[in-house]
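Here is a short briefing on packing and charge pairing in one structure. Keep the coordinates open while reading.

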Amino acid sequence: MPKNKKRNTPHRGGGAGAAAAAAGGQHRNVQPFSDEDASIETMSHCSGFSDPASFAEDGPEVLDEEGTQEDLEYKLKGLIDLTFDKSAKTRQAALEGIKNAMASKILYEFILERRITLTDSIERCLKKGKSDEQRAAAGLACILCVQLGPGIESEEVLKTLGPILRKIICDGTASIQARQACATCFGVCCFIATDDITELYSTMECLENIFTKSYHKEKDTNGICSTPNTVLHISSLLVWTLLLTICPVNEVKKKIEMHLHKLPSLLSCDDVNMRIAAGEALALLFELARETDNDFYYEDMESLTQKLRALATDGNKHRAKVDKRKQRSVFRDVLRAVEERDFPTETVKFGPERMYIDSWVKKQTYDTFKEILGTGMQYHLQSNEFLRNVFELGPPVMLDAATLKTMKISRFERHLYNSAAFKARTKARSKCRDKRADVGEFF
């Protein structure tokens, strides 16, 4: 388990948020845009940002190659304005554009100056928006906390948005996609921001109330059938396991005792993603149980290993080939973890560095932030102090301009490389066809 994330050790003090707590205080009195600066009329006629969807699709990559940091910040200011627009589609596209920029760039100083405005816009979109807008707002809130890191600024973001996120998660009338995004956001923001153990337990309880609804009922003899809510239950379970990794030892023992005998029932769900999520959660719980108690013993080990082995060799003809392949791969690793206490080490390369994922705790943490940051994960592993502290990578490695240039391939160079590869493949296929034609004529 990452040392700086354990609750029974001094709380994470490093990272971007703590390093600039004093600087954050200077901006605490920043007010949202005034009516004159950010009126709906002004934003609706902002000609320079009339199509925020274009930035949401391209991200800041274009600015990397053709512009400057000032260009990026100028465009982001316009997108922040557009999050208050009358049109729901415009607001959603603006949220997505800001999210993509934050996922691909470290914008700490820029965000710190505008965090109150950003938090206000996210709060407004969560409260008044519909499914897609709420989902985009929750995604932006996640990355906002990733950028800010642990500290008073991210705590204030969670304090403002937490009650709204909790309300949407528990609202049966809200869309499943919005509830799913809010569950992930609530857990991740709590993981990053909260320094209050009661808030951590409260968040975990909220998530437990969601995913435990999928547990096998004692009266049921058949497998668990998936429902429209299954995707929400999966997201809640995954982010709950993330929070479990930073709980004190006593709380970990309580949660293991509470859930370890019930989680295997989810292995019979007809949704492959639920089966995989349950399997990975079981592997993580076994890992934590053995870390906290060297004499840990699980009574139903034989029954559990039989289920895991069946899933690791599943050949059910009624299931899609892709699902079976994915399931077998995951459950071979889960079975090794449960039976042999083994984990297949994975290597993640980013820039000149590499990181070894050698435990289920580390894998769960990496997978969660990879899902949030997407292709920006490698960049953040290189530059984001919070993530580097979580994965114990040390301070960011400083690279000179010449090294960075050799590591970076321009869009034009990528195009040339892909074109050459395409021509080579076409030429090889043509030769192969010619040989087949010659053989056919001979016979």
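The model is predicted. Its largest nonpolar core has 118 residues. The salt bridges number 14.

**Nonpolar core**

- Met102, Leu126, Phe191, Met355, Phe369, Leu381 and Phe391 have the most contacts inside the largest core.
- Helix α16, residues 272-292, gives the most to this core: 13 residues.
- Leu126 touches Gln134, Ala137, Ala138, Leu161, Ile164, Leu165, Ile168 and Cys182, leaving aside neighbours within four places in sequence.
- In soluble globular proteins, nonpolar side chains tend to be buried together.

**Helix contact α10 and α19**

- Helix α10 spans residues 131-148, and helix α19 spans residues 360-373.
- The two pack at an angle of about 115°, with axes 10 Å apart.
- Their crossing is left-handed.
- On the α10 side, Cys142, Ile143 and Val146 make the contact. On the α19 side, the residues are Phe369, Ile372 and Leu373.
- The contact residues comprise six nonpolar, no polar and no charged.

- Glu156 and Arg115 pair through their side chains at 2.9 Å, N to O.
- This pair links distant parts of the chain, 41 residues apart: Glu156 is in helix α11 (residues 152-170) and Arg115 in helix α9 (residues 108-128).
- Arg115 is buried because its relative accessibility is 3%, under the 20% cut-off. Glu156 is partly exposed, at 26%.
- Arg309 and Glu339 form another salt bridge, with the closest N and O atoms 2.6 Å apart.
- Arg309 lies in helix α17 (residues 301-312) and Glu339 in helix α18 (residues 321-340), so the bridge ties together parts 30 residues apart in sequence.
- Both ends count as partly exposed: Arg309 at 37% relative accessibility, Glu339 at 38%.

**Other charge pairing**

- Glu113 and Arg114 meet in a salt bridge at 3.3 Å, N to O.
- Glu113 is partly exposed, at 35% relative accessibility. Arg114 is buried, at 18%.
- Glu96, Lys99, Asp132 and Arg135 are linked in a network of salt bridges.
- Side chains of opposite charge can pair when their charged atoms come close.

Methods:
Residues numbered from 1 in each chain as written. Predicted model: local features only at pLDDT ≥ 70, side-chain atom pairs only at ≥ 80, totals over all residues. Heavy atoms only, no water. Axes fitted to C-alpha atoms, helices over the stretch in contact; angles between N-to-C directions. Helix = DSSP H or I, 4+ residues; strand = E, 2+ residues; numbered from the N terminus. Left-handed = near helix turned anticlockwise from the far one by under 90°. Contact = heavy atoms within 4.5 Å. Nonpolar A, V, L, I, M, F, W, Y, C, P; charged D, E, K, R; others polar. Core = buried A, V, L, I, M, F, W, Y, C linked by side-chain atoms within 4.5 Å. Buried < 20%, exposed > 50% of the residue type's maximum accessible area, 1.4 Å probe, protein only. Salt bridge = Lys/Arg side-chain N within 4 Å of Asp/Glu carboxyl O.
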